[in-house]
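The paragraphs below lead through one protein model, from overall counts to single residues. Please keep the sequence and the coordinates at hand.

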Amino acid sequence: MRRRVLRWTLIFLLVIVLVAGAGVGWWIYQNRADPIPAGTPAQPGPIVVEPSIVPVSRNAPEPTPRGVQKALAAPLKDPALGEFTGQVSDPLTGQVLWSKGADKPRVPASNAKILTAAAVLLALPHDARLTTKVVMGDDGQAILVGAGDPTLTSTPADESSFYSDPARIDDLAAQIKRSGRHVTSVAVDTSLYTGPTMQKTWDRRDVEGGDIAPITSLMIDGARNKPSDEYSPRTDEPAVAAGRALAQALGLNGKVDEVTAPSTAQTVASVKSAPLTVRVGDMMRFSDNILAETLSIELAQATGNEPSIAGGADAVLKTLRSNGFDVGDATLVDASGLSYSDRVPASLLDELMSAAASAGHPKMRSLLDSLPVAHGTGTLADRFDPKATAGAGWVRGKTGTLTGVSSLTGVVQTVDGRVLAFAMISGGTSPADARPAVDAVVGALRDCGCRG
């Protein structure tokens, strides 16, 4: 009896399997793919992405002055532009395609940094680094000697700093400990720079506001109280703050004195800054006033000028003039553009940008790499909204903003693939209103072939 039940159970299961198999086979038959017609090419392989930098064509259609004027006619009518001057040129030909009051010296705001960047790139080795050192004074005193590097950071090696590839206080402390020297106190030496630490036209409130700090040859984190915060308030004692950071890294407490290190003092530790081009890039991308001033003083030292704020500004103009640029009536009292006493014509700004984009001044080419990208990076990250203005991703430019001043200088690639240089300065209206209006002018250059 049991054998009979088992036999019928097995037969039943076999029938179910056969029926299920037949059903699956019928479904596969009904849903089979159509036969591939004869002569059909083989299935292509997967797409392989090969990123590359493709240079713009030197044969891109050439804009005309009439075409540029026609393209800019409508956006130039915006009253938000206030008193407006500017210039547009073609770096390939050197031709000025449009100009309005471009020879008039105007308050440039941070567009002054274009002059500073161009000058230091022309005159200094691009791989130049600054060496900050610690020497031993009397009675176990470690003296931190400033070298003009404000990117020196107090942040640990495993934390990011605001600046790119900075030298670190922790590295100095580690070298001192390895030297075996007994350190009883820390002092600082700022004797490298001369002259006032603040330009007389700067507003002291800008120190607390995070725009500037007393310019000394020894700083950490650009004198920021919060090292990685771009807009952090700054300290009015940057050298002493650096000394305190080193003392803390060495486990010391006590007053940090300002001294001049003996010329015969033994060096027990040293660190190097990032190369010049990296520091210039940080200055331009974030419009860093501290870096602008210290870079100009670095230039002054290298060219025989006074190592001071005034000497740095003077060295910038002298360097540009000696390299054939029409400085004209330009006036700089600082290298950052923070002062309302600065005066720069749009023609000079455009000339420098056109030179950087041409083949005639290869030392200036890295200036283009340092410019923020419209609606992408740096001070242009929140500008050129594609919903309002053309140019996002196609414009690179240096911004400038003070109360009543809005400037923008850079390059733009037209829809025809031609790269144009431009400089725009607006004054007398609120930056909140002027910036979108200036962006619209530049966006019109992106949108046009400008050949009509």
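A residue is called buried if its relative accessible area is under 20%, exposed if the value is over 50%, and partly exposed in between, with a 1.4 Å probe and protein chains only. Gly 417 is buried by this rule, because its relative accessible area is 14%.

The model is predicted, so local features need pLDDT of at least 70 and side-chain atom pairs count only at pLDDT 80 or more, while totals for chains, interfaces and linings use all residues. Residues are numbered from 1 along each chain as its sequence is written, and side-chain values use heavy atoms, with hydrogens and water left out.

The protein has 12 helices and 12 strands. Helices (H or I, at least four residues) and strands (E, at least two) are DSSP runs, numbered from the N terminus. Of the 452 residues, 51% count as buried. Contact is taken as heavy atoms within 4.5 Å. Among contacts between residues at least 6 apart in sequence, 67% join residues at least 24 apart.

With residues up to four places away in sequence not counted, Gly 417 touches Val 56, Ser 57 and Ala 60. Pro 61 is 356 residues from Gly 417 in sequence, yet the two C-alpha atoms are 7.6 Å apart in space.

The axes of helix H3 (residues 112-123) and helix H8 (residues 289-302) come within 10 Å and cross at roughly 35 degrees. Axes here are lines fitted to C-alpha atoms, for helices over the stretch in contact, and angles run from 0 to 180 degrees between N-to-C directions. The crossing of H3 and H8 is left-handed, a term for a near helix turned anticlockwise from the far one by less than a right angle, clockwise being right-handed. From H3, the residues Lys 113, Thr 116, Ala 119, Val 120 and Ala 123 meet Asn 289, Ala 292, Leu 295, Ser 296 and Leu 299 of H8. Six of the residues in this contact are nonpolar, three are polar and one is charged. In this division Ala, Val, Leu, Ile, Met, Phe, Trp, Tyr, Cys and Pro count as nonpolar, Asp, Glu, Lys and Arg as charged, and the others, Gly among them, as polar.

Next come some buried polar side chains. Gln 87 belongs to strand S1 (residues 83-89) and counts as buried because its relative accessible area is 8%. The side chains of Gln 87 and Asp 350 are joined by a polar contact of 2.9 Å. Such a contact is a pair of N or O atoms within 3.5 Å; within protein, one must be able to donate a hydrogen and the other to accept it, and residues adjacent in sequence count only if both atoms are side-chain atoms. Beyond four places in sequence, Gln 87 touches several residues, including Val 96, Trp 98, Ala 346, Asp 350 and Phe 422.

Ser 161 lies in the loop between strand S5 (141-145) and helix H4 (169-179), and is buried at 14% relative accessible area. A polar atom of its side chain is 3.3 Å from the backbone nitrogen of Tyr 163. Apart from neighbours within four places in sequence, Ser 161 contacts Thr 153, Thr 155, Pro 166, Asp 221 and Ser 228.

Asp 165 is also found in the loop between S5 and H4. Asp 165 is exposed, with a relative accessible area of 53%, and has a positive phi of about 45 degrees although it is not a glycine. Phe 384 is another residue other than glycine with a positive phi, near 65 degrees. Its place is the loop between helix H11 (366-369) and strand S10 (395-402), where Phe 384 counts as buried at 2% relative accessibility.

Thr 216 is in the loop between helix H5 (205-208) and helix H6 (238-249), and is buried with a relative accessible area of 13%. A polar atom of the Thr 216 side chain lies 2.8 Å from the backbone oxygen of Leu 218.

Finally, the whole structure holds one disulfide, defined as a pair of cysteine sulfur atoms within 2.5 Å. It joins Cys 448 to Cys 450, with S to S 1.5 Å, and both of these cysteines are buried.
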